[in-house]
Amino acid sequence: MEVTLLGTGDTTGTPTVGCDCDTCERARELGVERSRFSVHVRSEGGESLLVDASPDFRSQFLTQGVDLPDAVVITHVHFDHLDGLGNAYRLVPYGESIPVYAAGEVDPATGESVADTVRSRFDYLDRIDVRDVAPFEPTSMAGLEVTLVPVEHPPLASYGLAIADPETGGRLAITGDTSYAVPEASREALSGADLLLADAIVPAALCDRHPRGGAHHDEDGVPRTFGTKHMTREGALDLADELGADRTRLVHAAHFYPAEEAFAEPLAVDGETYSL
Ligand SMILES: [Zn+2]
Ligand SMILES: [Zn+2]
Ligand SMILES: [Zn+2]
């Protein structure tokens, strides 16, 4: 499979609109961007799966030149992962629809499943065909075998993804938006991939700027979770160690990384491609 990182930023992206911080200025100088989260996966069989529908959908597809998707999977219903789905109006010819996969289990925070929320938010769009997926059950999407696994992103239900190409055996793991408290069964499903994309919103040193501080501290007291919703860089690297992927890229990064750390390895930027 061919993996293209369409969007590697957090919900404001880097550069952030109207921001002149050193990190946003450095991104402009380097000509790099971290738009809102999305990943394009082209299977060996030639079909394409879009992981999350970024509000930056249009510019991502114009910039990266990837094929339009044959299917979409949505990890959770935050704006930066879902709102690009409105582009389906232009994606699919009149009278046709595109399958949009999402977890079918009820989210206690919303009283709906991710699939239900996608259906209700886009009820005006007859060109999307929302299909319920059961967590931990491998499901065929665009020629790929995809398993949704629950992660922790309170208060919403959120899912990581294990994606395998049945033709090549290539494996991609995506943590999704999550704290470090990924359940054990989900860790197992995400382990041993060729490439891991891990949520790493900020360095642990910035936890004192969050009203909730940090959580899930390591033995040296370093927080692996920023607030309650996302992993720190240190937490993401610890999880990556445990999951043992051949290669790890840190994604969903905020412009709050100090400029001298923001573009260092293994933090991803938009447009990176991987062959698995
Ligand atoms: Zn900035
Ligand atoms: Zn989120
Ligand atoms: Zn997000």
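The residues lining the largest pocket of this predicted model divide into four nonpolar, six polar and three charged. Here Ala, Val, Leu, Ile, Met, Phe, Trp, Tyr, Cys and Pro count as nonpolar, Asp, Glu, Lys and Arg as charged, and the others, Gly among them, as polar. The lining comprises 13 residues, and D10, T11, I201, H230 and H252 lie nearest the pocket centre. A pocket is an open set of points on a 1 Å grid over the protein atoms alone, where a 1.4 Å probe fits, with protein on both sides within 12 Å along at least five of seven lines; lining residues have an atom within 4 Å of a point. The space in the largest pocket is about 150 Å³, taken as that filled by probe spheres set on the points, which are joined across faces, edges and corners.

Residues are numbered from 1 along each chain as its sequence is written, with chains lettered from A and ligands numbered from 1 in the order written. Local features need pLDDT of at least 70 and side-chain atom pairs count only at pLDDT 80 or more, whereas totals for chains, interfaces and linings use all residues; side-chain values use heavy atoms, leaving out hydrogens and water.

Donors are N, O and S atoms within 2.8 Å of the metal (3.2 Å for Na, K and Ca); water is not among the atoms, so sites may look incomplete. Four donors count as tetrahedral if all angles lie between 85 and 135 degrees; four count as square planar and six as octahedral if opposite donors are over 155 degrees apart and all others between 65 and 115; anything else is irregular.

The zinc ion (ligand 1) is held by C19 (SG), C21 (SG), C24 (SG) and H255 (ND1), at 2.1 to 2.3 Å. Its arrangement is tetrahedral because the four donor atoms subtend angles of 105 to 116°. The spacing reads C-x1-C-x2-C-x230-H. C19 is buried at 18%, and H255 at 11%.

Note on methods: Buried < 20%, exposed > 50% of the residue type's maximum accessible area, 1.4 Å probe, protein only.
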